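Try each task before you read its solution.

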Amino acid sequence: MCGIVGYIGPKAALPFLVEGLKKLEYRGYDSAGVATLEAGELHVSKCVGKIADLETLLLTKPVPGSIGIGHTRWATHGQPSHLNSHPHEDCKSELVVVHNGIIENFLELRQELQERGHVFRSATDTEVFAHLIEENLQGDLLKAVQQALKAVKGTYALAVISKKEPGKIIAARSGSPLIIGHGEDELFIASDIPAILKYTSRVTYLDNGDVAELTPEGSRVFNLAGDPVIKEISLISWDPESAEKGGYSHFMLKEIHEQPNAIRKTIEGRVRAESHEIHFDELNLSDADIRGINRVVFTACGTSWHAGLIGEYLFEQYARLPAEVEYAAEFRYRHPIIDDKTLVVAITQSGETADTLGAVWEAKAQGARAIAICNVVGSTIAREADGVVYTNAGPEIGVASTKAFTTQLTIVYLLAIMFGQKRAILTELETAKLVNDLIEIPQKLEETLLGEPIVEEIAEKIYGATNSLYLGRGKGFPIALEGALKLKEVSYIHAEGYPAAEMKHGPIALIDKNMPVVVLAFAGRRYDKIIGNVEEVKARGGQVIAVASKGDNLIAERADEVIYIPQTTESLSPLLAVVPLQLLAYYIAVKRGCHIDQPRNLAKSVTVE
Ligand code: AGP
């Protein structure tokens with residue numbers, strides 16, 4: 001939540017600050033601001049609203065200078081208002097701070113600072129930083145920041161500039177992500193890679209406790225005690241185009257269409273063509289390690305939790321291992337019973353979700369092996385876990401997760417098949433069939449996407465609904481949950497995902513002619529039962545929209561609308577079936593005029609508990 005950027009170099013800072021903030025807008029978008037330094041003077045511009053509103057303000061109030069910082073906000077402490085927007089200033093307006101994170105002891109610090117005469121202008125936790133640094137500033141901004149940081153409890157990625165030391169930016173990190181981008185004669189800071197991708201692919205990941213000093217001569221990193229820290233420069237392989245809309249009207253639509261290739265990249269290099277052997281060398285799991293694991297616990301939040309739920313089903317089915325999925329926020333505080341024979345698998349697109357990170361810490365503290373399935377290279381969870389498998393989906397900018405989900409699922413399939421193979425549960429023939437079917441999924445997804453116009457027509461018929469129900473059985477149930485979540489997130493229509501059999505234990509009371517009911521009815525052993533549920537909905541006047549396998553004529557006689565997906569093995573159908581539901585949510589949101597890539601109240605990475 002919240003995104004920060006900074007620039008120091010020979011050019012005007014503002015163009016990068018604005019462009020970088022736009023790329024980080026997915027992290028928060030209720031207010032924004034920038035500050036620059038020129039000729040020893042600070043220039044600050046900030047406002048409530050999106051970066052576009054800030055741009056309009058900057059037309060009349062530009063901020064000059066080649067050193068600057070910026071912020072896009074997702075409010076935690078204090079409502080979105082001009083005063084609560086970042087950057088925040090000290091009493092004398094000599095320094096400004098932008099911050100992503102939460103200062104837990106801010107009330108106590110604020111009171112102490114007020115007692116010592118500091119005057120606060122905002123209701124934010126961040127402002128304490130400005131005053132703490134002010135108090136400690138005696139000719140050395142770096143030292144003042146280090147001293148100030150020692151007083152705070154909580155999480156931060158922050159950047160500070162001061163007119164007292166106009167040639168530098170001080171940046172620090174603890175718990176919230178922050179990177180330094182190394183350009184030709186310029187340096188950038190940002191909360192996430194897409195902000196700097198157009199300018200450089202050379203980055204330094206700051207670690208917790210790092211404090212960086214950026215000057216025109218270069219960057220130096222220290223710890224809080226002031227000792228130098230040696231940092232590496234990593235090369236980012238993402239193509240700058242991947243962070244652009246590329247002709248699509250929204251990132252969400254672009255990312256839906258990227259799924260076939262994203263899945264190809266996820267599979268690439270992980271399956272040996274001849275033997276169908278699956279390998280994840282990055283996990284350092286020997287065959288003996290795999291055989292020694294007696295339980296698998298998936299932990300995640302939101303969409304990633306839905307991928308974990310499918311993981312639970314798959315590990316039970318393919319590997320015959322007890323498996324479960326846990327909401328990260330519950331797991332971490334629940335005294336989970338796990339030990340060194342438990343494999344904890346954290347699933348996270350961003351690698352920054354606070355609860356999932358907490359769950360990884362908890363798992364490690366209990367002696368379990370914690371691995372992560374993650375999309376963002378170098379993210380906190382990727383680095384804190386005992387091993388990481390990257391999904392290779394490329395940057396996902398739309399707040400509603402699409403390609404991250406299907407690539408997470410792909411990894412979960414590969415892991416479950418690998419465990420089944422190594423534990424001698426799956427025969428060679430079964431493994432080969434599953435692997436081959438999985439390899440065919442990208443091409444079948446391309447075929448699925450050809451059904452987009454049908455989905456758009458259905459969206460036209462139901463976009464006025466106020467409630468909807470998504471039903472599925474077996475592996476269709478997690479997809480029902482995911483379809484409902486997508487609809488809620490982007491269209492603001494109330495939607496519930498349910499195991500289809502549970503409908504008659506309550507939700508059936510809601511069904512009437514105004515209630516669209518989306519049913520996952522793909523071919524498989526539960527098909528007849530699902531048809532029974534379709535009949536139950538129809539008998540009560542509900543409108544049924546079915547997602548079914550190609551060639552299923554029976555469903556066409558019963559459902560009001562049918563979206564067909566190509567035939568595949570039953571357990572792989574979720575990978576195809578989720579895509580029409582992503583499109584349905586998307587087109588309904590378009591017709592309702594919603595802010596699709598930045599839905600209200602949401603942020604892409606939830607770095608608060
Ligand atoms: C997905 O559409 C959501 N925006 C959200 O549920 C997300 O999946 C969740 O916050 C977890 O994020 P992560 O995968 O980055 O950890």
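The exercises below go from the whole chain to single residues.

This is a predicted model, in which local features need pLDDT of at least 70, side-chain atom pairs count only at pLDDT 80 or more, and totals for chains, interfaces and linings use all residues. Residues are numbered from 1 along each chain as its sequence is written, and side-chain values use heavy atoms, with hydrogens and water left out.

**Exercise 1. Overall form**

Task: compare the radius of gyration of the protein chain with the value for a compact globule.

Solution. Start with the rule, which is 2.2 Å times the number of residues to the power 0.38, the radius being taken over C-alpha atoms. For 609 residues a compact globule would come near 25 Å, and the protein chain has 25 Å, so the two agree. Next, look along the principal axes: the C-alpha atoms fill a box of roughly 75 × 55 × 45 Å. Then turn to burial, where buried means under 20% relative accessible area, exposed over 50%, and partly exposed in between (1.4 Å probe, protein chains only). By this rule 62% of the 609 residues are buried. Finally, take contacts (heavy atoms within 4.5 Å): among those between residues at least 6 apart in sequence, 72% join residues at least 24 apart.

**Exercise 2. The largest core**

Solution. A nonpolar core is a set of buried Ala, Val, Leu, Ile, Met, Phe, Trp, Tyr and Cys residues joined through side-chain atoms within 4.5 Å. The largest one has 88 residues, and F280, V296 and L584 are among those with the most contacts inside it. Helices (H or I, at least four residues) and strands (E, at least two) are DSSP runs, numbered from the N terminus. Domain 2 (251–439) and domain 3 (449–591) each supply at least three residues, with bounds from an automatic or database domain assignment. Now zoom in on F280: leaving aside neighbours within four places in sequence, its contacts are R270, V389, I411, L414, L415 and M418. Another core lies apart, with 34 residues, including I193 and Y205.

**Exercise 3. Aromatic pairs**

Task: classify the ring pair of F129 and Y156 as stacked, tilted or edge-to-face.

Solution. Rings of Phe, Tyr and Trp (its six-membered ring) pair if their centres lie within 6.5 Å; planes under 30 degrees apart count as stacked, over 60 as edge-to-face and the rest as tilted. The structure holds ten such pairs. For F129 and Y156 the centres are 5.8 Å apart and the planes stand at 85°, so this pair is edge-to-face. F129 is in helix 4 (residues 127–136) and Y156 in strand 7 (residues 156–162), so parts 27 residues apart in sequence are tied together. F129 is buried, at 0% relative accessibility, and Y156 is buried at 4%.

**Exercise 4. Backbone details**

Task: locate the residues A424 and N601 and say whether each is buried or exposed.

Solution. A424, with phi near 60°, sits in the loop between helix 13 (403–422) and helix 14 (428–449). At 64% relative accessibility, A424 is exposed. N601 has a positive phi of about 65° and lies in the segment after helix 19. N601 is exposed too, at 63%.
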